[in-house]
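Please look over the model below before reading the points. They cover strands, helix packing, the ligand shell and backbone geometry.

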Amino acid sequence: GIIFDKYTAKFKKSKELYEKSRTLFPNGVCHDIRNHPPFPVVTDRCEGIYMTDADGHQLIDLWMGHYANILGHGSDAQKRGMERALAAGVHHGTLNRYQIEYAELVQRAIPELESMRFCTSGTEATMYVTRVARAFTGRHVIIKAEGGWHGGNSVLSTGVVPPFAKSSGPEGQKTVAVPYNDIEKTAEILRAHSEETAAIIIEPMMGSGGGITAAPEYLKLLRDFCDLTGTLLIFDEVITGFRFRWGSIWPLLGVKPDLFTFGKAAAGGIHIGIYGGRRDVMDIITKQKLFVGGGTYSANPVAMCVGIETLKDLETADYDKLNKAGEDFRQKLTAMTKDLPYPAYVTGFGSFFCVHFLDARFETITPQVIMTHTDKDRENLFKAAMLLNNVFTMHAGGAFSFMHLDEMTNSKLTEAYRKSFEMI
Ligand code: PLP
């Protein structure tokens, strides 16, 4: 229709580059979430809260590199960290002093990380942490939430996964999915697997699954089950870690896990994965001479130095202000969606938000509702409309950086939403 026609006319150079990329990459991309109809915008430069695309348009970025750039594109922390790493040599492949410095900072923010290892992505972190849990418990089943996304590894991308990730792989037979926040059904499934479950891995706020926060009583059910059965509770904090406060989200929700994974904001835009937690659990690596970890680039100085500088700046950053601004912004959007002739809902927590276009109206938005009732065509139209209004979104929303604070309170962004809601 007319939106896609206008889009194609506006983003000419992107289209040209996308045609080329389709000959080089399956679906033209390296991560399918980056593709959307009629074709994705190709970026040229990112700075502050802006992206400049291949045609030279300046777009407000709400995606912020898969939510990682919490201090903004080209933050001082990134610059200082890169400079330090360049001077140090970008890749040592050794035990280096920067990893010790970074680990001490991470541990100061999250004292529950008594022992940890670094890797280069959240995917690796969840893969390794579940391997640790299986070794420690001697059990094989991993329980995850329906719609939970823990990266591209075969164990955890099976079960029931978000719409963009098709499940596959024999290892998935060892993965059991429970309905997020559904206490009764989850308790039933847990009981059926109480003897064979190594760990429950859960996002305290489901990110890709729709911006839904775990109910404290739901987390308590998981904690109680784990305590009773010797199962390990893992919080996948690849999105939530350092997003809502300096460290883990767990003090905000009141339930403490045994193990954690971190990524994204924990190094402010540089490739990072962190896994760890209880020392007695992590010690299994030593005790069993377990091969967990590895990675040519694990603990490389670029990631370590940018991580160090990021955590230093985040320590004094005003998270309360960012969270509050995020809440206010979501409230404004929610008010807008009330008047629309189609069902649209805003979810999120603090500086993180999604907008959902559904095929029916619902009283409560759960991950199950999002998984089964998302109107993908409308969402795609909306994303294109937002780009026509010069805003880059993901799941029709995004995650604000500290550099967004001014933009969140002026009307440019809300106007872009208002216009886009009207266009579709
Ligand atoms: N866990 C969660 C909760 C995520 O959102 C993601 C990434 O989107 C991952 C794990 C995987 O992290 P990465 O993309 O760095 O491999």
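1. Start with strand E14 (residues 352–357), which is joined to E16 by two bridges, the two running antiparallel. Phe352 faces Ala399 of E16 across this pairing. Helices (H or I, at least four residues) and strands (E, at least two) are DSSP runs, numbered from the N terminus. Two strands pair if DSSP finds at least two bridges between them.

2. A word on provenance. This is a predicted model, in which local features need pLDDT of at least 70, side-chain atom pairs count only at pLDDT 80 or more, and totals for chains, interfaces and linings use all residues. Numbering starts from 1 along each chain as its sequence is written.

3. E14 belongs to an open sheet of three strands, ordered E13-E14-E16, with antiparallel pairing. Its edge strands are E13 (344–349) and E16 (398–399), each pairing on one side only. Helix H13 (residues 319–338) lies across E13 and E14 and runs at about 170° to E13. Axes here are lines fitted to C-alpha atoms, for helices over the stretch in contact, with angles from 0 to 180 degrees between N-to-C directions.

4. H13 also packs on H17. Their axes come within 11 Å and cross at roughly 20°. H13 is therefore roughly parallel to H17. The classes are: under 35 degrees roughly parallel, over 145 roughly antiparallel, 65 to 115 roughly perpendicular, the rest oblique. The crossing of H13 and H17 is right-handed; that is, the near helix is turned clockwise from the far one by less than a right angle.

5. Which residues of H13 and H17 meet? Lys332, Leu333 and Met336 come from H13, and Thr414, Tyr417, Arg418 and Phe421 from H17. Contact requires C-beta atoms, placed from the backbone, within 7 Å. By class, the contact of H13 with H17 has four nonpolar, one polar and two charged residues. Ala, Val, Leu, Ile, Met, Phe, Trp, Tyr, Cys and Pro count as nonpolar, Asp, Glu, Lys and Arg as charged, and the others, Gly among them, as polar.

6. Helix H17 (residues 411–423) has another partner, helix H15 (residues 376–388): the axes come within 9 Å and cross at roughly 135°. H15 is therefore oblique to H17. This crossing of H15 and H17 is right-handed. H15 supplies Phe382, Ala385 and Met386, and H17 supplies Ala416, Ser420 and Met423. Five of these contact residues are nonpolar, one is polar and none is charged.

7. A second open sheet has four strands in the order E1-E2-E3-E15, with mixed pairing. Its edges are E1 and E15 (391–392), each pairing on one side only. Strand E2 (residues 50–53) and strand E3 (residues 58–61) run antiparallel, joined by three bridges. Met51 has Leu59 of E3 as its bridge partner.

8. How many residues surround the ligand? There are 15, and the closest are Ser121, Gly122, Thr123, Gly151 and Val238. The shell has three nonpolar, 10 polar and two charged residues. Helix H6 (residues 122–137) gives the largest share, three residues.

9. Two backbone points to check. Most residues other than glycine have a negative phi, and most peptide bonds are trans. The Pro37 to Pro38 peptide bond is cis, with omega near -5°. Pro38 sits in the loop between helix H2 (12–24) and strand E1 (43–47). Tyr67 has a positive phi, near 70°. Tyr67 is in helix H3 (residues 64–67).

Technical notes: Near = placed C-beta within 6 Å. Contact = placed C-beta atoms within 7 Å.
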